[in-house]
Amino acid sequence: MPAPRTVLLTGAAGGLGTLMRDLLPGHGPGGGYALRLLDMRPVEGEPESIVADLADRDALREAVRGVDAIIHLAGISLEASFEKILAANIEGTYNLYEAAREEGVGRVVFASSNHAVGYTPRPQGDDPLIPIDTPRRPDTFYGLSKCFGEDLAQLYWERHGIETVSVRIGSCFPEPTSVRMLSVWMSPADGARLFHAALTAENVGHTVVHGSSANTRLWWDLASARALGYEPQDDSEPYAAKLLAEQGELDPANPAHTRLGGPFVTDPPIWPY
Ligand SMILES: NC(=O)c1ccc[n+]([C@@H]2O[C@H](COP(=O)([O-])OP(=O)(O)OC[C@H]3O[C@@H](n4cnc5c(N)ncnc54)[C@H](O)[C@@H]3O)[C@@H](O)[C@H]2O)c1
């Protein structure tokens with residue numbers, strides 16, 4: 001596969017999309033990626049961005065036409081009602097893969113989440129790191145939609161030869177803001193490194209990776225990400241003393257502190273009834 005150059009970035013107006021618009025182009029082959037931007041909201045300062053909902057299959061088909069790869073960030077990024085998750089994250093992701101199939105796009109990078117396995121107990125003491133093939137344990141309808149996205153990616157690889165790297169992102173924000181985030185943080189710069197590796201690694205089929213920096217307090221194994229050529233450069237540890245002084249150590253009696261998904265496992269569920 002020649003290195004992708006033109007990349008559709010969905011969810012370009014969101015938090016991660018905004019960070020990646022800034023950081024990703026510098027990594028691309030031959031002086032940078034050419035990003036085509038899509039979101040249901042206008043992207044500030046980008047008049048040529050495509051304003052379209054993932055429900056609009058015609059618009060998606062036009063948006064993917066001629067791109068080498070897609071980074072799929074668009075969708076609901078927190079828990080919501082099943083109906084909303086169904087439309088944006090499940091049907092929306094299906095619509096995007098259909099557009100990719102129809103237009104012959106060969107590579108997708110899918111923003112999955114740690115919440116696909118959120119009920120998994122976090123390692124404590126000398127416990128081994130969580131392997132990437134740990135069983136699915138979604139903690140929300142949101143996490144369930146990420147399980148669906150990963151399985152959809154597998155199907156489109158087996159059936160249609162579309163390659164995907166599903167990145168189970170921890171927390172990608174400029175700085176960690178909680179003690180939990182010391183373990184799951186992915187610095188924006190490492191995020192761009194990982195997305196670049198996911199776009200350019202050869203023969204990925206469908207590969208699932210954890211997305212975080214090389215944190216001292218890391219909970220999960222980065223081996224499958226490193227196998228793509230990802231070399232994280234950052235560690236949350238410089239933020240540890242301040243956050244621990246403010247918030248204290250994680251409480252082993254509190255499920256929000258002992259499961260990978262953190263507060264997502266204890267926040268009141270949003271049931272449709
Ligand atoms: N930021 C993180 O730390 C993190 C962690 C795990 C997973 N993720 C995943 O990464 C992606 C981006 O996260 P984020 O933090 O930037 O979220 P965000 O909510 O800031 O951005 C999501 C963007 O998607 C757009 N969007 C939502 N529904 C849409 C639809 N139906 N059609 C078109 N656009 C739509 C929104 O307008 C928004 O701009 C999400 O899929 C999220 O689940 C992020």
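Four aromatic pairs are counted in this predicted model, where rings of Phe, Tyr and Trp (its six-membered ring) pair if their centres lie within 6.5 Å, and planes under 30 degrees apart count as stacked, over 60 as edge-to-face and the rest as tilted. One of them joins Trp185 and Tyr239 in an edge-to-face arrangement, with 5.6 Å from centre to centre and 70° between the planes. Because the model is predicted, local features need pLDDT of at least 70 and side-chain atom pairs count only at pLDDT 80 or more, whereas totals for chains, interfaces and linings use all residues. Residues are numbered from 1 along each chain as its sequence is written, and side-chain values use heavy atoms, with hydrogens and water left out.

**The Trp185–Tyr239 pair**
- The pair links distant parts of the chain, 54 residues apart, with Trp185 in the loop between α5 (181-184) and α6 (188-200) and Tyr239 in the loop between α7 (223-226) and α8 (240-247); helices (H or I, at least four residues) and strands (E, at least two) are DSSP runs, numbered from the N terminus.
- Trp185 counts as buried because its relative accessibility is 4%, whereas Tyr239, at 26%, counts as partly exposed (buried means under 20% relative accessible area, exposed over 50%, partly exposed in between, with a 1.4 Å probe and protein chains only).

**The whole chain**
- The protein chain contains nine helices and seven strands.
- Of the 273 residues in the protein chain, 53% are buried.
- Among contacts (heavy atoms within 4.5 Å) between residues at least 6 apart in sequence, 71% join residues at least 24 apart.
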